[in-house]
Structures are given as C-alpha cells and as structure tokens.
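I am opening my notebook on a structure that is new to me. I will take one topic at a time and write down what I looked up.

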Amino acid sequence: MNLQLKIWRQQNAGSKGKMVDYSISGVESDMSFLEMLDVLNESLINKGEEPIAFDHDCREGICGSCSLMINGEPHGPDRLITACQLHMRKFKDGDTIVIEPFRAKAFPVIKDLIIDRTAFDRIHQAGGYISVNTSGNTVDANAIPIDKHKADEAMDAATCIGCGACVAACKNASAMLFTSAKVAQFALLPQGRVEATERVQNMVRQMDLEGFGNCTNTGACEVECPKGISLENIARMNREYLMATSKG
Amino acid sequence: MSALIKSSIARKVVMALSGLFLVLFLLLHLSINLSSVISPETFNQWSHFMGYNPLVQYLMQPILIAGVVVHFVMGIVLELQNNRARAVKYAQFKGSANASWVSRNMIITGLVVLAFLGLHFYDFWIHEMAYKYVEVNPQDPTRYYAETVEKFEPIWRTVIYVVSFALLSMHLWHGFASSFQSMGLNNKYTPNIKKFTKIYALIVPLGFVFIALYHHLNPLTH
Amino acid sequence: MNVLDSKIPTGPLAEKWTKHKNEIDLVNPANKRNINVIIVGTGLAGASSAATLAELGYNVKTFCYQDSPRRAHSIAAQGGINASKNYQGDGDSDYRLFYDTIKGGDYRSREANVYRLAEVSGNIIDQCVAQGVPFAREYGGLLDNRSFGGVLVSRTFYAKGQTGQQLLLGAYGAMNRQIQRGKIKSYTRHEMLDLVLIDGKARGIIARDLVSGEIERHAAHAVVLATGGYGNVFYLSTMAMGCNVTAAWRAHRRGAFFANPCFTQIHPTCIPVSGDHQSKLTLMSESLRNDGRIWVPKRLEDAQNIREGKLKPTELKEEDRDYFLERRYPAFGNLVPRDVASRAAKERCDAGFGVNKTGEAVYLDFASAIERYGKEKALTSGIKNSDKNTITRLGEEIVAAKYGNLFQMYEKIVDENPYKTPMMIYPAVHYTMGGLWVDYNLQTTIPGCYSAGEANFSDHGANRLGASALMQGLADGYFVLPYTIGDYLSDDIQTGPISTDSPEFEAVENGINERIDRLMSGSGKHPVDYYHKKLGKIMWNKCGMSRNAEDLKSAIAEITALRKDFWENVKIPGSKEGMNTELEKAGRVADFLELGELFAKDALQRNESCGGHFREEYQTPEGEALRDDENYKYVAAWEYKGEPKNAVLHKEELIYENIEVKTRSYK
C-alpha cells in the first residue's frame with residue numbers, strides 16, 4: 001500500500017521543529033509500524049538525508065521505548081499495545097498518518113521523535129522501591145503469605161512499562177497513572193506497607209516538581225495504556241496520599 | 001499546610017470537596033425553587049427565611065460564596081497549570097478516542113456556568129443586598145414570588161437559563177462521580193456512583209429548566 | 001603453565017563458595033568510600049551489582065545506551081526464574097538444580113560455578129520478594145511454581161509472562177534508591193566504546209554521550225561489563241534492536257579472552273519470519289510448552305495443502321498429526337531442552353513438513369490443554385455433564401489466565417486467534433552462552449575488568465536451560481560479584497582517585513575519535529543495515545542451527561570480505577556531533593563483523609556436537625548430537641591478536657569430580 005506521512009522533524013532540543021511530509025510505497029500489511037519507518041529511513045539514507053530518529057529497542061512491547069503519537073493517539077489506534085506491536089494492517093492504502101513525539105513540558109524533545117523521559121526515572125528514584133539491602137539472609141520468600149487477589153492486583157499495577165503514553169494521552173499531560181501504578185503495587189503488598197507514608201509523599205512531590213499537569217479524571221490514560229493499567233490505581237494513590245498527609 | 005495545598009492531589013481534593021458541597025447546595029436550591037411552581041406562599045416563606053435567618057445569612061451564605069470562589073479559582077489555577085504542562089501542542093490530538101467531551105471540557109462548561117452565576121448574582125443576590133442593606137427597606141415576606149416570576153418574562157433570560165443549565169448538566173455529568181475518584185474512592189460502589197451521577201446530572205438541571213420555562217409560559221397577570 | 005587460571009577454590013563442591021567467601025580479602029567500609037566502580041549495562045546483572053556495590057559503600061557509575069536503566073533487555077524475559085527452593089516438595093535440591101544445569105549445558109560448564117549458582121538461587125527469590133516483586137501465588141498465599149524444559153521438577157518462579165520485567169524493576173528500584181542517596185551516578189544514553197588499561201589494569205572507559213555526541217573519559221578502580229549477549233550478530237533474533245557486543249568486544253581487543261563464541265541458543269518457540277522487512281523476532285515463552293503440544297502433519301501432501309491454504313490445521317485428524325517431540329523423546333516430550341526441540345523442528349521443516357507459506361514453521365497446539373483444563377474446571381465448579389462448548393469456554397479461561405498476554409501478543413503480530421487455531425512457531429536466535437572468559441571471581445583475563453550475566457560465558461555450557469538466565473544474572477549481580485570484586489579492590493585502598501588526564505586515556509580516546517572519523521568517511525554506498533542483514537544471513541545459513549566445516553570456512557571468507565566492504569562503503573548520513581542513530585549502529589555492526597568471524601572459527605575448531613552447537617559431521621545415526629569428551633571437554637578461550645583469523649586458542653579443561661559425564665538423553 002501507499003501512504004502519506006506527516007512526521008515531526010527537529011534537529012535537537014534547542015532548535016525549532018516542524019511537520020514534514022513524506023510519501024512511502026510498498027508497505028505490506030504484515031509489517032510492524034516501526035518496520036514501515038525502517039523502510040522510510042532506508043530510502044532517506046539512500047537519498048543522503050538524515051533518517052528519522054525514533055526510540056525503539058525490544059520491539060515486542062515490553063521495554064517501553066516507543067513514544068510515538070500516531071494520528072493523535074499514543075501508540076496509534078489499536079488498544080493494549082505499543083507502537084512496535086502496531087501492524088500496518090490497521091491502515092489502508094492512501095491513508096495519511098500523522099506521527100509526532102509524545103508531548104509534555106516534562107518530556108522535552110531530544111531529536112525528531114525522541115523525547116527525554118528521565119522525569120519518570122526521578123519520580124521512581126524518589127521512592128519507587130522497598131528499602132532493603134541485598135544480604136542473602138532476608139526472611140524466606142514464603143514466610144509471609146500474601147492473598148492471591150492482592151498479589152495479582154499488585155502485579156497488574158506493576159506491569160507498567162514506563163512508556164509515558166498516559167502522559168501523552170492526557171489533555172493535561174498528567175503523570176498520575178504512572179506514579180500511582182508504582183505506589184499501588186507497593187501499597188498492596190505487606191512488604192511495601194512499611195514505607196507507604198513516605199513513599200507516596202515523596203513520589204507525588206517529585207511528580208509535581210517535574211511539571212506534569214493535574215489529573216482531571218478523564219480516563220484517557222487508562223484507555224491508551226498499552227498494559228491496561230487501571231484508574232483504580234490513581235484512586236488508591238489519592239487515598240494513600242490523604243492518609244499519609246493526615247498522619248503528618 | 002501550605003505544602004499540602006501546593007500538592008496536585010490536595011488541590012484535586014479541594015476541587016472535589018467544594019464541588020460536592022455545591023452539588024448538595026444545588027439540591028436545596030432546587031427544592032425551594034420547585035415550591036414556586038407548586039405554591040407561591042411556601043416559596044415566599046422559604047425565601048424569606050433564607051433571606052433573613054441570621055444563621056443562613058451570616059454563616060451559610062459566606063460558606064457558600066467561599067465554596068463557589070474556591071471551586072472556580074482552584075479550577076482556573078489548575079487549568080492554567082495543565083496548559084503549561086504541554087507547552088508545544090500536538091498537530092493532531094484525538095481526544096475523543098479515549099475520553100468523553102464533557103470530561104475534557106470542564107473548563108468550558110465551568111466558565112459558562114460561572115458567567116451564568118454572574119447574571120444570577122446580579123439578578124438576585126445584588127438586588128437582595130441592595131434591598132436589605134443599602135436601601136434598608138423594611139421586611140416584606142410576600143415579595144419574592146413576584147420578583148422571581150418577573151425575571152423569566154423576557155425570553156433572552158429564559159434562554160440563557162436553559163442553555164446554562166444544559167452546560168451545568170454536562171459539568172455535573174463528569175464532575176460528580178469524578179470527585180469521588182479524586183478523593184480516592186474507586187471500589188465496588190463506583191458503578192453505582194456513576195449511575196447516580198448521570199441521574200442527578202439530568203434530573204436536577206431539568207428541574208431548574210422546567211421552573212424557568214414554567215414561569216416564562218405562565219407570566220404574572222398585571 | 002596454562003595462562004587461564006580459573007581460581008576454583010579447593011575443597012568439597014558444596015563448601016567451595018562458603019570457604020572462598022571466608023578466605024577472600026574484604027575492604028573496610030571507610031575505604032569503600034574512596035573506591036569507584038564503573039558498571040556498563042543495567043540489565044539484571046548490571047543493575048543488581050550496581051545496587052549492591054553502592055549499598056556496600058562503593059561509588060558506582062552506571063552506563064546504558066537506553067534512555068533509562070529500566071529498559072535493558074532483561075525486561076523482555078517472559079517465563080520465569082529457577083530456584084531450588086523445593087516449595088513443591090518434588091525432590092528438588094541445590095544438587096539437582098546443579099545437575100540439571102550441567103546436563104542441560106551438555107557438560108561444557110564449570111562444576112564449581114554452577115553449584116554456586118544453585119546454592120544462591122534460593123536467596124534470589126527471598127531478596128526479590130523482600131523488594132516487592134509480585135511473583136505469582138497460589139490461593140493459600142504461597143508462591144506458585146511451574147516447569148520448564150529439561151527438568152523433572154517444578155522450580156520456576158514467575159510473574160505472569162513478565163518475570164524479567166518484574167525482576168529488573170526490582171533491581172532498578174534498588175539502583176534508584178542508591179541514585180537518590182548519591183551513591184550511584186547513572187549515565188543513560190551513553191555507550192561504552194573502549195576500555196582503558198593503565199599498567200595492565202582496567203581503569204576506566206571511553207563512552208559516547210549519544211545525545212550530544214561528545215566522547216567522555218570515565219575512570220574507576222574496576223570496570224564491570226554486564227552488557228548482555230551478542231545474538232544480534234544474526235541480525236534477526238529475539239534480542240532488542242540495540243543489543244550489541246561492542247563493550248565486550250572492545251575489552252576482548254584489549255586483552256580479555258572471549259570464550260565459546262559459537263555457543264548460541266536457538267529458541268524453539270518464536271513467531272516465524274513473515275517477510276524481508278522483518279527487523280526482529282518475537283519469542284513465545286517456553287512456559288507455553290507446559291501446555292502446548294508441538295506437531296506437523298504426518299503426510300507430506302497435508303503439509304503441502306496447509307501451506308497453500310487449502311487445508312486448515314484444525315481439520316486434520318488426530319491420527320494424521322505427528323507430535324514429533326512426544327514421538328522422539330517420550331520421557332520429556334514437549335519439555336525437552338531448547339537445543340533439542342529446535343533441531344527437531346528444523347529437521348521436520350527441512351524434510352518438507354513445515355506449515356506456513358515459507359515452510360518454516362511448526363504448530364504449537366493448545367486444543368488438548370483447553371479441553372483438559374475445561375473438564376477439570378467444570379468438575380471443580382460442580383457442573384455435571386457439561387457440553388463441549390462449556391468445556392472449551394472454561395478451558396480457554398484457564399489458558400487465558402496463564403498465558404493471556406502471550407496469546408494477545410501472538411494475535412497482534414500474526415492476526416490469528418491462537419485459542420481457535422494452533423500457533424505457528426519456528427526457532428530463532430535467543431541467547432548466547434559464550435562470552436567473555438571469567439574466572440571463579442567473574443574477573444576476565446584483564447585484572448580489574450569483570451563480567452557478569454549473559455556477557456560472560458560462565459554457567460550454561462553449550463546450552464542454557466529455560467529460566468536460568470534470570471537466575472544467573474541476579475546471582476552474579478546480587479550475590480557473587482559484590483563479594484569477589486572486594487578481593488581485587490582490597491589492593492586499591494591506597495590508590496586514590498584515578499586521573500583521566502593520563503596518556504593512556506588520551507591514547508584510547510584518540511583511537512576512538514579516529515575510528516568514528518573513519519566510519520563517517522565511508523564512500524556512502526550502503527546503509528549500515530544492509531551490512532548487518534548480510535552478516536545475519538551468513539551467520540544463520542552457515543553458523544546457525546546446524547553447521548559443517550565447509551560452510552564454516554566459507555562463512556569466514558564471506559565475513560572477512562563483508563567487513564572490508566563495510567569499512568570502505570558504509571554510508572552514514574549526518575555528523576558525529578549530536579545524536580546520530582546510524583553512527584551508533586555502525587559502530588556496533590563493525591564489531592559484529594569481527595565477532596562473527598571468530599564465532600565461525602570457534603565453531604570450526606570444535607569438531608563435535610554439543611548443546612546448541614550441532615556439527616552435521618558429528619551425529620548419531622538417529623540424528624542426535626555426538627559429543628567428543630575425549631578431545632573437546634574444554635572451554636575455548638580466544639586471545640585477540642590483531643585480526644579474528646589470528647586469534648589464539650587457549651583451552652580450559654573442564655574437570656568433573658561430582659557428576660558423571662554421560663550422553664545426554666531425554667528419551
């Protein structure tokens with residue numbers, strides 16, 4: 001099939017970017033979206049132009065590198081997948097596809113479609129862990145039984161891949177779903193309860209410092225999350241935060 | 001405390017609590033107004049009570065005004081912050097793919113309702129304040145019904161009324177249930193809260209619209 | 001005397017590690033504050049060792065090419081992590097895990113290392129649970145286990161189909177805690193381009209900031225390479241696009257021996273290649289072989305009709321199907337080790353029984369598992385005389401709970417519903433057992449240069465068992481390297497900070513700048529991927545699932561020619577300043593082009609079949625691998641001498657004192 005592409009090009013963080021039009025032919029329906037971009041890049045290189053820079057690594061939907069806004073939706077029109085798992089059979093001959101980077105003040109563009117998501121790392125650094133040293137003599141793994149439903153719920157929250165689609169989809173560029181997923185995972189496990197108060201306060205403080213917007217409960221993040229992380233995590237984080245704050 | 005109010009979550013809770021307070025007030029307001037359709041006497045009695053009871057006037061009225069002010073000031077502050085959080089906008093953003101129009105446009109519905117409140121204050125509250133405290137007129141427990149019905153005589157005001165309440169309905173449609181999520185309540189009751197929200201968001205504004213239309217269609221006979 | 005000293009402690013096998021820990025030198029906490037360690041790679045091995053070393057008090061710098069340590073490719077491991085906890089009471093023990101791993105590796109790994117791995121495996125699970133890793137649990141609240149290939153017990157712990165992700169996030173969390181404390185400085189979007197030696201010791205690295213393009217010098221008292229495997233030498237593999245051999249290869253060029261490069265794991269259950277545009281392959285976890293049955297049609301004409309779309313697999317009667325693994329290996333059936341399963345699938349496809357358009361796929365069928373689970377569920381739910389539809393529905397629910405995310409992934413890629421029609425799978429490059437040669441302390445042949453995880457060669461011999469990679473990465477990072485490195489660093493407490501202004505740093509940096517300039521000045525005929533794909537084709541066709549001397553020789557010649565062509569004609573647009581993704585790829589492919597040759601050379605010298613290395617000349621009449629313990633029971637460690645073809649082979653004889661070396665049989 002033949003496609004028209006409108007792609008954001010920006011040389012570096014300091015320069016001004018713009019949308020550039022490309023056309024591409026010979027796209028096959030069983031190509032992945034990124035393979036379609038590979039084909040385009042190959043033709044650009046052969047013409048002596050710089051290829052389009054985009055983040056990608058595992059190409060199987062788990063590393064969270066993909067950060068493409070495709071036709072106005074993070075990771076494109078399909079649900080519960082990342083852009084690398086999106087296949088061209090979702091498009092048809094003659095379509096125009098608009099490709100932009102995930103946009104947020106806290107995610108500045110580095111080049112073309114590549115953005116800086118270290119804000120997520122800093123939120124995580126503020127408390128997204130349980131403070132245990134490596135010793136080899138912690139208690140036996142089966143010493144504390146954990147309710148299967150709680151463990152499963154914690155696992156569902158923990159599947160976040162940190163791609164930033166939640167921020168990209170949110171009209172306010174809020175990072176609440178990302179932050180809450182980590183807070184909720186640990187809030188649900190007995191091991192994580194010990195530091196629950198400090199964790200939620202520190203992570204929320206860092207999240208606010210990074211310049212993300214505020215949550216207005218539109219639910220866009222949940223719909224666009226490639227791992228289907230639930231809004232319930234945000235409610236849980238709000239609850240944890242209020243409890244932590246009332247404790248002082 | 002200042003740290004608390006600076007956090008995004010605390011601000012959301014303030015929005016939720018003030019919003020829920022206004023939701024409750026709306027119900028009270030509607031019940032009093034409905035009495036104007038059923039019995040002008042009851043309406044006058046209620047209105048007079050609300051206008052002259054010291055508890056209502058000096059405690060509840062300031063709280064209500066504070067609630068409105070907090071809700072809209074905070075709403076605007078948050079909106080400005082949210083705008084700043086995405087400095088460069090998307091060339092294409094398909095918000096409708098993942099969220100409802102009402103949830104994405106609370107600022108529009110909210111500002112329209114706010115503008116309406118301006119008119120409403122001008123029509124009733126400023127008039128009352130002038131009547132009672134500036135002109136220092138004597139108490140007249142029978143004047144309210146006629147004053148109210150008179151307001152709905154011009155078609156433009158009735159239309160503004162109807163449109164504003166349609167937008168209020170949209171505002172409630174998202175805001176009511178959303179406030180529970182903001183306060184951390186998302187559990188097995190959530191589907192019911194959402195259902196109740198929809199009923200409330202339809203019935204209450206419809207009630208106000210009905211009253212406005214009723215009085216417009218049944219003007220006072222001079 | 002052999003130049004290779006594996007430093008295996010003396011004494012009984014089960015006491016070696018404890019004895020060694022008691023005897024090695026330690027660094028006191030105050031002195032640790034004056035010692036810097038560089039860790040390259042932030043996957044399971046890198047992140048866990050970074051966190052642990054920082055906890056101990058060392059100053060750590062970590063480097064990764066990704067934008068966050070959390071994206072290292074350990075994250076993609078699906079199935080699970082082994083540990084000899086014996087929670088299922090099925091007779092598991094450290095010895096049994098040790099035995100299975102040595103046997104699975106076809107008797108080409110070190111006894112002492114593997115025993116230590118088994119010994120600390122339980123600690124890993126304890127540590128991860130303490131970190132909040134949400135492993136799957138049973139209704140009683142205790143941890144659940146499943147089975148993996150090549151073993152007869154259930155010892156695999158898992159977190160849905162995302163075990164690697166959860167373990168990596170645990171280690172990343174531990175690392176973040178130390179970043180917050182200021183004990184780790186994390187350099188993301190940085191790629192190590194060379195190792196700097198001062199007085200024969202590893203004292204730092206040269207790295208490129210992938211955003212600014214700047215070449216940076218970083219000094220330390222020791223350097224740890226935890227940079228993963230080199231499977232991308234095949235171009236198509238289940239590795240991430242960025243996985244590369246550069247750090248390890250640069251160390252090799254500086255004096256670290258490269259061990260067993262030809263030991264590569266071809267994983268049996270991957271989604272088949274769909275076309276020339278294919279950029280990478282997707283794994284379907286081995287855990288699927290717990291419930292899926294592998295088959296091809298019995299008759300050639302049925303296979304032909306299926307390939308042409310005239311026949312559906314579901315229409316083929318039970319007696320017309322060949323469940324070839326169950327037929328050939330009745331004891332282990334579908335759960336034979338990966339090398340065995342892969343070769344068996346290739347054998348059937350080569351014989352014309354392949355089931356997709358290209359004839360390079362076999363079926364992985366869940367129909368009988370769905371029926372079995374459905375019946376069981378119907379009984380436990382008290383539904384009597386349930387009809388077929390109910391059973392199928394209930395069975396599908398159970399299968400979805402177990403493998404839902406894998407099935408979803410398959411459906412997105414292939415556009416077929418694997419609940420209704422069998423999955424198509426084919427082997428693909430997945431893991432490299434070979435890597436930098438390390439001694440018992442995980443030190444390479446360069447003093448002060450360590451290697452952990454998949455980047456080293458140590459524990460898996462000629463074939464790795466499922467769910468053992470995660471175990472090894474974390475064992476190295478949490479429990480081995482942080483202790484053993486202290487033995488080396490205890491000599492450095494007086495050294496003080498290492499300066500980056502030395503002539504040694506200067507010289508290495510100049511070398512890197514020249515190399516980049518040379519890459520940028522190629523004549524500009526072909527993009528980097530053109531060469532990478534060509535290299536991949538040579539490797540897959542001639543150094544892949546089965547190899548022979550003639551092909552290997554021609555592979556060596558072809559790779560040498562391709563390398564020459566690459567350096568003359570590669571085309572890299574843009575400049576070396578700022579971000580240039582093509583330049584990044586070019587540097588990696590340049591190193592693959594050298595490694596590929598050594599790989600073939602190693603395969604050529606190993607005149608036997610063992611594990612993932614199958615030489616067509618050495619097989620039994622039934623087509624099973626024929627090992628030669630008399631002549632090849634050694635680790636082949638290669639020393640760099642200018643060109644891969646000049647590499648010198650050093651042999652580390654493998655000594656088996658606690659295990660009887662015998663022919664591996666899964667029949």
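**Entry 1: a strand in chain C**

Which residue in β9(C) is the bridge partner of Val37(C)? I looked it up: the partner is Ala222(C). I note here that the model is predicted.

Strand β1 of chain C covers residues 36-40 and runs parallel to β9(C), with 4 bridges joining them. I turned next to strand β17 of chain C, residues 449-451. β17(C) also pairs with β9(C) in the parallel sense, over 3 bridges. Here Val223(C) has Cys449(C) as its bridge partner in β17(C).

Where do the side chains of β9(C) go? I found that β9(C) spans residues 222-225. Ala222(C) and Val224(C) point one way, and Val223(C) and Leu225(C) point the other way. All of them are buried.

**Entry 2: a lysine in chain C**

Is Lys346(C) buried or exposed? Lys346(C) is buried, because 21 other C-beta atoms lie within 10 Å and the cut-off for buried is 20 or more. I placed Lys346(C) in helix α10 of chain C, residues 338-353.

Then I looked for its contacts. Leaving out residues up to four places away in sequence, Lys346(C) touches Pro427(C) and Met545(C). I also checked Ala45(C) against Lys346(C): the two are 301 residues apart in sequence and 33 Å apart in space, C-alpha to C-alpha.

**Entry 3: a covered helix in chain A**

I moved to helix α2 of chain A, residues 118-125. How many of its 8 residues are buried? I get 6, so I call the helix mostly covered. The buried residues are Ala119(A), Phe120(A), Asp121(A), Ile123(A), His124(A) and Gln125(A).

What covers the buried residues of α2(A)? The cover includes α5 (176-187) and α7 (196-209) of chain A. It also includes α6 (163-180) of chain C.

**Entry 4: two domains in chain A**

I read the domain assignment of chain A. It gives domain 1 as 3-111 and domain 2 as 117-134 + 146-247. Their centres, taken over C-alpha atoms, are separated by 28 Å.

I looked at how the domains of chain A meet. On the domain 1 side, 19 residues are in contact with 17 residues of domain 2. The domain 1 side divides into 11 nonpolar, 5 polar and 3 charged residues.

**Entry 5: chain B against chain A**

How many residues of chain B are in contact with chain A? I find 34 in chain B, against 38 in chain A. Four helices of chain B each supply at least two residues to this side: α2 (8-38), α4 (54-84), α5 (101-104) and α8 (155-182). α2(B) gives the most, with 5 residues. By class, the chain B side has 15 nonpolar, 13 polar and 6 charged residues.

**Entry 6: a helix pair in chain B**

I stayed with α4(B) and looked at its packing on helix α6 of chain B, residues 106-134. The angle is about 145°, and the axes are 11 Å apart. The crossing of α4(B) past α6(B) is left-handed.

Which residues make the contact? From α4(B) I listed Val68(B), Phe72(B), Gly75(B) and Glu79(B). From α6(B) I listed Ile107(B), Gly110(B), Leu114(B) and Leu117(B). I reminded myself that an α-helix has 3.6 residues a turn, so residues three or four places apart point the same way. By class, this contact has 5 nonpolar, 2 polar and 1 charged.

Methods: Residues are numbered from 1 along each chain as its sequence is written. Chains are lettered from A and ligands numbered from 1 in the order in which they are written. This is a predicted model: local features need pLDDT of at least 70, side-chain atom pairs count only at pLDDT 80 or more; totals for chains, interfaces and linings use all residues. Two residues are in contact if their C-beta atoms, placed from the backbone, lie within 7 Å. Ala, Val, Leu, Ile, Met, Phe, Trp, Tyr, Cys and Pro count as nonpolar, Asp, Glu, Lys and Arg as charged, and the others, Gly among them, as polar. A residue is buried if 20 or more other C-beta atoms lie within 10 Å of its own, exposed if 12 or fewer, and partly exposed in between; C-beta atoms are placed from the backbone. Two strands pair if DSSP finds at least two bridges between them. Domain bounds come from an automatic or database domain assignment. Axes are lines fitted to C-alpha atoms, for helices over the stretch in contact, and angles run from 0 to 180 degrees between N-to-C directions. A crossing is left-handed if the near helix is turned anticlockwise from the far one by less than a right angle, and right-handed if clockwise.
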